[in-house]
Amino acid sequence: MGLLASCGSGNKPQAGQSELKENGQAKALLQGIWIDDDMDSPLWRVEGDTIYYTDPEIAPVYFRILKDTLYLHGNELAGYHIDRQTEHTFWFHTQNDNVIKLHKSENPGDTINFRTKAVEVIPAYTEVTKRDSVVMYNGTRYRAYVYINPSKMKVVRTTTSDEGLNIDNVYYDNIMHICVYEGRNCLYDSDITKQMFTEVVPEDFLNQAILTDMNFMKVDKTGFHYQAMVRIPESSVYNVINLLIGFDWKLTITSAK
């Protein structure tokens, strides 16, 4: 027996699911702190319709129980077949076909593992980073600036835990600021966000990626060349985007091949 709903089309509610009545008794039994039998450590604290994790960097998730399936409504909907549920035990299959076996905690001290209900958002940068490039072109001296500005815009990345559960981590995105000067004269001045790359980067990638870097590359007869990087947090998966600020001071965005 395996996962009933996983990433992709199989992750969507089955036909008629919205009309199914939630199993209130099963939901009531799930309230409390649950201990992983294998690790003998707390995995979840269930309160109402929300599951909280011991790791504050994992976002709490809304859940429902329909018939014999536990649905976690995170960034991606996932369903897990329930094998056994009693007042003190809860067994279910994960997407890697493991069976997670939990038992309800009877130790009041386990609450210390869930000290906060707020998710801890992970920043890529903690302060503004400035880069200043001085370049000469056709006898004219220019300064090309890049500012990397941390923001409060949240990006949710879904991964699979060691147990085979979908988990969501939340990160702060960045805003890049580009400006070009000739002496004291500002020739170009603009913020750059990842949303500006929708024509050259797939939307599903952008939704889980953050704008991590921006570098001035060169100036030539076409204008000032920059490269931006959007990366899936804590991974080696990224896209590079070319930005050209022409001498008409218009911005052109293309994918780096």
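**Cysteines, rings and one buried aspartate**

There are zero disulfides in this structure. Keep in mind that this is a predicted model. Cys186 has 31%, so it counts as partly exposed.

Next, the rings. How many aromatic pairs does the structure hold? The count is 14. Take Trp44 and Phe92. Their ring centres lie 5.5 Å apart and their planes meet at 15 degrees, which means a stacked pair. This pair links distant parts of the chain, 48 residues apart. Trp44 belongs to strand β2, residues 41–47. Phe92 belongs to strand β7, residues 89–93. Trp44 is buried, at 0% relative accessibility. Phe92 is buried too, with a relative accessible area of 0%.

Now Phe216 and Tyr226. Here the centres are 5.3 Å apart and the planes stand at 70 degrees, so this pair is edge-to-face. Phe216 sits in strand β14, residues 210–220, and Tyr226 in strand β15, residues 223–231. The two are 10 residues apart. Phe216 is buried, at 15% relative accessible area. Tyr226 is buried, at 1% relative accessibility. Both rings belong to one aromatic cluster. The cluster also takes in Tyr137, Tyr142, Phe224, Phe247 and Trp249.

Two lysines sit over rings. Lys101 has its charged end over the ring of Trp91, 4.2 Å from the centre. Lys27 lies over the face of Phe63, 5.3 Å from the ring centre.

Last stop, Asp173. Where is Asp173 found? In strand β12, residues 166–182. Asp173 is buried, yet has no salt bridge. Why no salt bridge for Asp173? The nearest side chain of opposite charge is Lys194, at 4.1 Å, and a salt bridge requires the nitrogen within 4 Å of a carboxyl oxygen. Lys194 still counts among the contacts of Asp173. Leaving out residues up to four places away in sequence, Asp173 also touches Pro150, Ser151, Met153, Val155, Ile210 and Leu211.

To recap. Zero disulfides. Fourteen aromatic pairs, written 14 on the slide. And a buried Asp173 with no salt bridge.

Methods: Residues numbered from 1 in each chain as written. Predicted model: local features only at pLDDT ≥ 70, side-chain atom pairs only at ≥ 80, totals over all residues. Heavy atoms only, no water. Helix = DSSP H or I, 4+ residues; strand = E, 2+ residues; numbered from the N terminus. Buried < 20%, exposed > 50% of the residue type's maximum accessible area, 1.4 Å probe, protein only. Lys, Arg positive; Asp, Glu negative; His and termini not counted. Contact = heavy atoms within 4.5 Å. Phe/Tyr/Trp six-rings, centres within 6.5 Å; stacked < 30°, edge-to-face > 60°. Lys NZ or Arg CZ within 6 Å of the ring centre and 35° of its normal. Disulfide = S-S within 2.5 Å.
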